[in-house]
Amino acid sequence: MWEESTRYPDPRVIHLDPSFARLRLPMASVERLYTGCRWAEGPVWFGDGRYVLWSDIPNNRILKWEEETGAVTAFRKPSNNANGNTRDRQGRLVTCEHDARRVTRTEYDGSITVLADSYQGKPLNSPNDIACQRNGAVWFTDPPFGISGDWEGDAAVAELPHALYRINPSDGQLQQVLTDVQGPNGLAFSPDESVLYLVESRAKPHRKVWAYDVSTQGALSNKRLAIDAQG
């Protein structure tokens with residue numbers, strides 16, 4: 001059962017590599033902000049507003065926790081079974097929506113802009129996770145998890161392969177970058193954005209994290225295994 005830490009530094013926070021020591025805040029502790037989600041995903045921090053948003057996929061909502069008050073409220077419901085969230089370089093919320101099978105951006109006035117919902121005339125499967133580069137490119141994974149049943153979206157037949165996509169920052173065109181990863185899921189860039197890390201959640205016999213070199217034009221090369229998640 002969960003128990004709040006009773007002392008600082010929190011003994012549950014450990015670093016396995018000495019280089020991480022400078023990132024640890026001795027007077028910070030692991031806190032449980034909320035319970036009651038069916039499946040919590042896609043947290044994104046808004047430091048300028050002192051709040052965090054995250055998706056509760058089966059409950060079809062995005063929740064909001066406010067640092068000042070500790071209050072949790074529904075930020076968006078229904079959310080189209082939203083999954084991954086991030087912020088673009090202008091600070092706007094960018095979201096993967098399972099049920100609507102699209103990637104959207106929430107503008108400053110609260111209106112919704114659709115960034116991608118199809119490729120070559122076929123609907124996307126169920127955009128899952130997302131990352132934005134400094135140059136404005138938006139990358140997202142598109143496995144069929146949200147259309148494989150009614151738990152996190154609506155059941156449908158996939159018309160496109162499992163894929164990694166990139167939205168070109170210059171013209172907004174959608175590019176299909178990879179189709180050889182089964183169950184592409186989480187993704188992240190190295191601090192200098194020269195390396196992309198991608199989770200293959202349906203790899204056999206167990207999950208893997210791949211690393212790729214990223215060119216300035218968005219091409220990937222030099223695929224290598226970063227983590228073999230055995231067990």
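This is a predicted model: local features need pLDDT of at least 70, side-chain atom pairs count only at pLDDT 80 or more; totals for chains, interfaces and linings use all residues.
Residues are numbered from 1 along each chain as its sequence is written, and side-chain values use heavy atoms, with hydrogens and water left out.

**Overall build**

- The chain has 18 strands and zero helices.
- Its radius of gyration is 18 Å, close to the 17 Å that the globule rule gives for 231 residues, so the chain is as compact as a globular protein of that length. The radius is taken over C-alpha atoms, and the rule is 2.2 Å times the number of residues to the power 0.38.
- Along the principal axes, the C-alpha atoms fill a box of roughly 55 × 40 × 35 Å.
- Of the 231 residues, 42% count as buried (under 20% relative accessible area; exposed is over 50%, and partly exposed lies in between, with a 1.4 Å probe and protein chains only).
- Among contacts (heavy atoms within 4.5 Å) between residues at least 6 apart in sequence, 34% join residues at least 24 apart.

**Surface and charge**

- The chain exposes about 12700 Å², and carbon and sulfur atoms supply 50% of that area. Accessible areas come from the Shrake-Rupley method with a 1.4 Å probe.
- The mean positions of the 26 positive and 30 negative charges are 2 Å apart. Lys and Arg count as positive and Asp and Glu as negative, while His and the chain ends are not counted.

**Nonpolar cores**

- The largest nonpolar core has 15 residues, and those with the most contacts inside it are Leu124, Ile130, Phe140, Tyr165 and Leu174. Such a core is a set of buried Ala, Val, Leu, Ile, Met, Phe, Trp, Tyr and Cys residues joined through side-chain atoms within 4.5 Å.
- At least two residues of this core come from each of strands S6 (93-97), S11 (130-132), S12 (138-142) and S13 (163-167).
- S13 gives the largest share, three residues.
- Beyond four places in sequence, isoleucine 130 touches Gly84, Asn85, Thr86, Val94, Cys96, Val103, Val138, Trp139, Phe140 and Leu187.
- Another core, of 13 residues, lies apart from the largest one and includes Ala131, Leu164, Val181 and Leu187.

**A loop residue: alanine 155**

- Alanine 155 is found in the loop between S12 and S13.
- Leaving aside neighbours within four places in sequence, alanine 155 is in contact with Ile147, Gly149 and Asp150.
- Phenylalanine 145 is ten residues from alanine 155 along the chain, and their C-alpha atoms are separated by 9.3 Å.

**Backbone features to check**

- Most residues other than glycine have a negative phi, and most peptide bonds are trans.
- A further cis peptide bond runs from lysine 77 to proline 78, with omega near 0 degrees; proline 78 lies in the loop between strand S4 (72-76) and strand S5 (82-87).
- Asparagine 60, which is not a glycine, has a positive phi of about 55 degrees, and its place is in the loop between strand S2 (51-56) and strand S3 (61-66).
- Asparagine 222 also has a positive phi, near 55 degrees, but lies in strand S18 (residues 220-228).
- Asparagine 222 is partly exposed, with a relative accessible area of 47%.

Technical notes. Helices (H or I, at least four residues) and strands (E, at least two) are DSSP runs, numbered from the N terminus. The place of a charge is taken as NZ of Lys, CZ of Arg, CG of Asp or CD of Glu.
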